[in-house]
Amino acid sequence: MQLQVNNSPFNQEQVDLLNQLLPKLDGTQKIWLSGYLASASIQAASGTLGAAQTAPSAVPAATKEVTVLYGSQSGNAAGLAKKTAKALESNGFQVNLSSMSDFKTNQLKKVQQLLIVVSTHGEGEPPDNAIAFHEFLYSKRAPQLNGLSFSVLSIGDSSYELFCKTGKDFDSRLEELGAARLYPRVDCDVDFEEPAAEWLQSVINRLKEGQAGAAAPTVSEGTAVAAVESSYSRKNPFQAEVLANLNLNGRGSNKETRHLELSLDGSGLTYQPGDSLGMFPQNDPALVDLLLEQTKWNPDEQVTINKEGDRLPLRQALIEYFEFTVLSKPLFEKLAALAANKEALELLEAGNREQFKAYIHGRDLVDFIRDYGPLEASAQDVVSLLRKMPARLYSIASSQAANPEEVHLTIGAVRYDAHGRQRKGVCSIFCAERLQPGDTVSVFIQPNSNFKLPEDPSTPVILVGPGTGIAPFRAFMQEREEIGASGPAWLFFGDQHFVTDFLYQTEWQRWIKDGVLTRMDVAFSRDTEEKVYVQHRMLQQSKELFAWLEQGAAFYICGDGKVMAKDVHQTLVDIIEKEGGMSREKAEEYLAEMQKNKRYQRDVY
């Protein structure tokens, strides 16, 4: 991506100089320069890196001990925290690495150097394993932390209104408690590898500056990268061959749910039940052609797609590289500045917040250009504003022990009408309509330590997974069958119709017959006059369900996080309150203790 006057804070002379210099720098030089500029900015108290706040930086304590805490829902923040710990250890630091749920809060006042890596879940909420620590910091029990230096790496998605809110919460609250920033907070979007690597580089440099009698050497790029990368990863995905692509729904169903089988042969990739697979999709060529028609851009025009200066024909770049199906607030603001119709700027005024939210919901770049175009900018200017196509994460629906060199997915095709056009989910329709056996797709494994079977295979498990939320529980059952798990298993599954939407029905029935699955309760909401969902089945079995909990059962939820997971959570609290004869407060404490002990886990989206 080349700098432009309209996409940067520089004047034309500065842009020309920077565009001459930056392509000539190698990776080590770029990382060194970013760290140097950020450090100079901190010392001058006049700037930050990315979206970080400006504040006097802490002089790091003369100690080799660093605590790294992470809060993670899907595994991104956990993975970055572990890589951070490895990089620190390779540079001679003693590291205490812990999820926030496992960290003993009474130890916080003893910590001198703290690094926080945290994602934001849902609509600005902390991830499940960060909730208790977040509540503690904002409670009256939180201690003064005048001796603490810290830095926050925040992971989020700029298409959400409350981008990186949890990281911002931790950053501001630690400052309120008297702690000083070792290095400013860095807010990462879905393409987080590069800013995360720069944050890590800069943090290590600042920590080294604080070592008594030590100079402040930079970390070699090789050291940092070795700790952050593996052979196949998000940054270097594996090209997996499609082995099978089947529709799981029967004829006449309102839904289309794809069962996708991919080959991992030769990749060396491994996974565990509960992990996710990341997939890089492509945009619908028909939608790209609609955008090109709307803008009158030349589809064969060569455009620069990244900081390295790589170039592609415009149409190919829009299909393979850029995301334009989401109108985030940052993108809308940049487009509004280029739009011929200045009414777009009016939507950004303070009094129009609700109208603005209503407008961007479900709309894309084509909609914006139709409503406020044309844009007073070139194709290169506009694509320079777009973010790289983010990977989509899907819960893995297979056990590698049962399916060596393969990985299976369960993907619901998303199609709907809105704002006068048919809309299609980018990745789900890429899989449903355009991936055929023999094709390849770019994938990587996303470990998820927050959604795992109990270490003791005799532990009872209760699984709640309506719709495509069934995916990881298929993996759980395959794994339990392979290892001969002795503990009982109970599944709650729901969908619209028994005849057409009972996903993997024959497999569940076989597992029931063979004793791998102890019992199964189903809810098909459109087969009865009154809609019945999984939480209603839970209530019907409340006495036995609570008995399982009292026997040490682990409880799992997978699926829709906006409605279903919240309803199931509240129903579970209701059951504990009723069957346990507890107050509401005690029931919530009971469930919080289950979560702390990893007996209550969620994989929601």
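A helix crossing is termed left-handed if the near helix is turned anticlockwise from the far one by less than a right angle, and right-handed if clockwise. In this predicted model, local features require pLDDT of at least 70 and side-chain atom pairs count only at pLDDT 80 or more, while totals for chains, interfaces and linings use all residues. Residues are numbered from 1 along each chain as its sequence is written, and side-chain values use heavy atoms, with hydrogens and water left out.

The crossing of H21 and H22 is right-handed. Helices H21 (residues 564-579) and H22 (residues 584-596) pack at about 115°, and their axes are 9 Å apart; axes are lines fitted to C-alpha atoms, for helices over the stretch in contact, and angles run from 0 to 180 degrees between N-to-C directions. Helices (H or I, at least four residues) and strands (E, at least two) are DSSP runs, numbered from the N terminus. On the H21 side, the contact (heavy atoms within 4.5 Å) involves His-569, Gln-570, Leu-572, Val-573, Asp-574, Ile-576 and Glu-577. H22 contributes Arg-584, Ala-587, Glu-588, Tyr-590 and Leu-591.

Strands S14 (residues 415-418) and S15 (residues 421-424) pair in the antiparallel sense over four bridges, pairing being assigned if DSSP finds at least two bridges between two strands. Asp-417 stands opposite Gln-422 in S15. The two strands, S14 and S15, form a hairpin with two residues between them, and His-419 in the turn has a positive phi of about 55°.

Salt bridges (a side-chain nitrogen of Lys or Arg within 4 Å of a carboxyl oxygen of Asp or Glu) number 40. One of these joins Lys-452 to Asp-275, with the closest N and O atoms 2.6 Å apart. Lys-452 lies in the loop between S16 (440-446) and S17 (461-464) and Asp-275 in the loop between S8 (257-263) and S9 (276-280), so the pair ties together parts 177 residues apart in sequence. Buried denotes under 20% relative accessible area, exposed over 50%, and partly exposed in between (1.4 Å probe, protein chains only). Lys-452 is buried at 17% relative accessibility, as is Asp-275 at 5%.

In a further salt bridge, between Glu-323 and Arg-392, the closest N and O atoms are 3.9 Å apart. Glu-323 is buried, with a relative accessible area of 6%. Glu-579 and Lys-543 also form a salt bridge (3.4 Å, N to O). This pair links Glu-579 in H21 with Lys-543 in H20 (residues 542-550), 36 residues apart. Lys-543 is exposed, with a relative accessible area of 61%.
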